[in-house]
Amino acid sequence: MASYSTDRRGALKIISAIGATCAYPHASDELYGQTVEHQHENAPPAPAPLKPAYFNEADFLVVSRIADLIIPATDTPGAVGAGVPIYIDTVIAKNKNQQTLAAEGLQWLAEKGFSDLSEEGQLAVLQPLCEACDAGELKSRPVQFFQMMKNLTADGYYTSQVGLMKELGYTGNTAMAEFPTCVHEH
Amino acid sequence: MADKIYDVVVIGSGAGGGTLAAQLAQGGADVLVLEGGPKIDTRTDFNTHGLPFQFPTRSIPVMKPGKQGMDSERSRGVGGKTLLWNAVALRMSQRDFKGRQHDGAGEDWPIDYQDIAPYYDRIEREVGVCGNLDHLEDLPDGIFLPPVPMKCTDEMIRAGGAKIGVKVIHVRKSTLSRASRTRPACHFCGNCMAGCDVVAKYNSADVQMYPAIRAGKPLTIRPNSIVYELAVEKDSPKISEVRYLDRETKEQGTARGRVAGVACACAQSVALLLMSKWPRFPTGLANSSGELGRNFVPHITCGIAAFLEDRIGAPPVNDEGFLDHAYIPSFMHDRKRDYPRSFGYQFNYQNHRAVGWARSMKGMGKSFKESVKAHYPAYITFTGYMELVPNRDSYIDLDESVKDRYGLPSARRHWKLADDDWKRFHAVQDWGRQILTSSKSQILSVSETPTTNHEIGGCRMGVDPKRSVLNAYCQSHDVPNLYVVDASVFPSASEKNPTHTIMALASRTADNIAERLKKGEV
């Protein structure tokens, strides 16, 4: 077993021995540069289906509208611009419970004439659901429906190319020759 | 294959099996490795560089299209979980091996730190471990490559921890921070747990077994071989035959060796011994003590999510690195507390290509969108890992009612926190909150529910054959040619990630087997 001096000076000596003189077989710095040549292409998104697999055209329009009210276009595209409605359709198509909840929620909105309301009117319908959702008051089915829509919209948007790369500015998944040392004061 | 008698048949090819097989073969023993899964090429087969939007459901499959592997607990692939591990490599300390001596709880190991230290040295020289020399009593230093710089967000937690006397150190990982003769250094692409396409991160196949084979050593790997039974001789308690099913054809096969090394990753090793029932061993192979399956002590974890205030609204940076760059070692041993043992924290190991927390931000519309964007660079995960003291309600058994496609019963885990474990869990929550608050964080969530990680125990080593399954060399007390080399053998877990100790123990066991083969004792 290696015996190390436990004082600080001893530690510094060992660190410099490993780092500078390549006493250790893995420390061959001349090979270090090869990592720079390892490049990653961030591949394009999978082609999305053009038509919803589960929702009919009218319901899909309402779903798209809700998604776009939850995450609207700003200086970057919103939920619709990022293809989120098709993602929502893909998920719900595979889940019976979500289908039931979606049917109930869409029916509830239809009774309020949601599709024909102005943006302000539509927000006035959804905002109370959103507030109940934030407060954790999830007993009512319309609130549960809103929560499902918000979850799916957030999941879909921030895993889309638009959401992750453009909106959030994700820059990872690349090769770095060295990990940068933090130079800030903390 | 049934005709040939190997020196050693190793079952499983991960950290334990890979280390054992490669070291024995390097020493000249004739070794067969039976691996339940297919051969996997870490350079080409994993979706290491996948991004969520490349997949319609946004979840990234582990394997690339048409590539097999990691498809069940019993059939992962050549290299086992080392292909997808996060590579944290921590030495256990003398206090970890003798926990009972220190605080009266749990069980001591039959070995001391000085028994295993030379093997930690050997593994670190062999595979390359980066880290800093920190001179901590409870986390011994090793032979390290230079540490990787901490992230900016790690430095914030280091500063916050220092204010309340909690030390943050560089993480120690079996990932190269400098190139070796045969492997490049890490390039920080940020997805270690989805494979490593350059083998900067250790895996047992590319770092240990394939080099032995390339050097012409007598090591044979048989992939797609799901071992379901170890047969014993009629008139002695020795293993005569290892029986397996072909993963694809389900055809039966047998292999024979002078020694069998079981390394199927804790619960599956225990399950294999429990499935091997014989008149001499009616409750499972090597179970004269009745301890097989008992003393299951998985790590208990508590996840905390938070936003570092100084990073809210800051521009995003590429700091995925090699996931976590820092670590909080156990710090409770010297403090007053009303429970035995301790815990540590792993943190900042999330990469930034999934934003699962976005849905929990309040509101909707433009303000919601702005809030997610502002918090994106500030998000960190922070997870406490604590030891579970063995108790009679925590064990592994077979569930005969749930069978897999090979007709084999599933391994069932039972675990429960005793009062002292709950006290420790609450301390993990409290200290986590304190450290994050001291680091100027907004805490998003603190898990109230303990979850498990790192399966440990179930086939423990010990001095007393009545209270343990294996001796100090991981050899069965009952079956002289049976060895087990994975985390199932740990009598106690410590709070440290187990793989480094699995490898050091496997290396020590390999020495013992080689010596006994040489002497003709097996």
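B:Arg460 and B:Glu291 are both buried. Their side chains meet in a salt bridge, with 3.7 Å from N to O. This one ties together distant parts of the chain: B:Arg460 is in the loop between β15 (451–453) and β16 (482–484) of chain B, B:Glu291 is in the loop between α7 (267–275) and β8, and 169 residues separate the two. Keep in mind that this is a predicted model.

Side chains of opposite charge can pair when their charged atoms come close. Over all chains, the structure holds 47 salt bridges. Here are three of them, all from chain B.

| Pair | N to O distance |
|---|---|
| B:Arg405 and B:Asp71 | 3.9 Å |
| B:Arg460 and B:Glu291 | 3.7 Å |
| B:Glu521 and B:Arg516 | 3.4 Å |

Take B:Arg405 and B:Asp71, which meet in a salt bridge. The two sit 334 residues apart, with B:Arg405 in the loop between β12 (395–403) and β13 (409–414) of chain B and B:Asp71 in the loop between β2 (31–34) and α2 (94–97). B:Arg405 has 47% relative accessibility, so it counts as partly exposed. B:Asp71 is partly exposed too, at 37%.

### Rings, and charges over them

A pair of aromatic rings is described by the distance of the centres and the angle of the planes. The count is 18 aromatic pairs over all chains. In one of them, the ring centres of B:Tyr345 and B:Phe382 are 4.7 Å apart and the planes meet at 35°, so this pair is tilted. It bridges distant parts of the chain, since B:Tyr345 belongs to strand β10 and B:Phe382 to strand β11 of chain B, 37 residues apart. Both B:Tyr345 and B:Phe382 are buried. Which residues do ring pairs link into a cluster? They are B:Phe331, B:Phe343, B:Tyr345, B:Phe347, B:Phe382 and B:Trp431.

B:Lys39 lies over the face of B:Tyr210, 4.9 Å from the ring centre. Over at B:Tyr473, the charged end of B:Arg508 sits above the ring, 4.2 Å from its centre.

### Helix α5 and what packs on it

Helix α5 of chain B covers residues 152–163, and its 12 residues should span 16 Å at 1.5 Å a residue; the end C-alpha atoms are 17 Å apart, which agrees. The buried residues in α5(B) are B:Cys152, B:Thr153, B:Asp154, B:Glu155, B:Met156, B:Ile157, B:Gly160 and B:Gly161. They pack against β8 (299–308), β9 (326–328), β10 (343–347), β11 (379–386) and α9 (419–438) of chain B. After α5(B) comes B:Gly165, with a positive phi near 75°.

Why call strand β5 (residues 225–232) of chain B largely enclosed? Because 8 of its 8 residues are buried. Strand β5(B) pairs in the antiparallel sense with strand β6 (residues 239–246) over 7 bridges. The two strands, β5(B) and β6(B), form a hairpin, with 6 residues between them. Across the pairing, B:Glu229 stands opposite B:Arg243 of β6(B).

Terms used:
Residues numbered from 1 in each chain as written. Chains lettered and ligands numbered in written order. Predicted model: local features only at pLDDT ≥ 70, side-chain atom pairs only at ≥ 80, totals over all residues. Heavy atoms only, no water. Helix = DSSP H or I, 4+ residues; strand = E, 2+ residues; numbered from the N terminus. Expected span 1.5 Å × (residues − 1). Buried < 20%, exposed > 50% of the residue type's maximum accessible area, 1.4 Å probe, protein only. Contact = heavy atoms within 4.5 Å. Phe/Tyr/Trp six-rings, centres within 6.5 Å; stacked < 30°, edge-to-face > 60°. Lys NZ or Arg CZ within 6 Å of the ring centre and 35° of its normal. Salt bridge = Lys/Arg side-chain N within 4 Å of Asp/Glu carboxyl O. Pairing = 2+ DSSP bridges.
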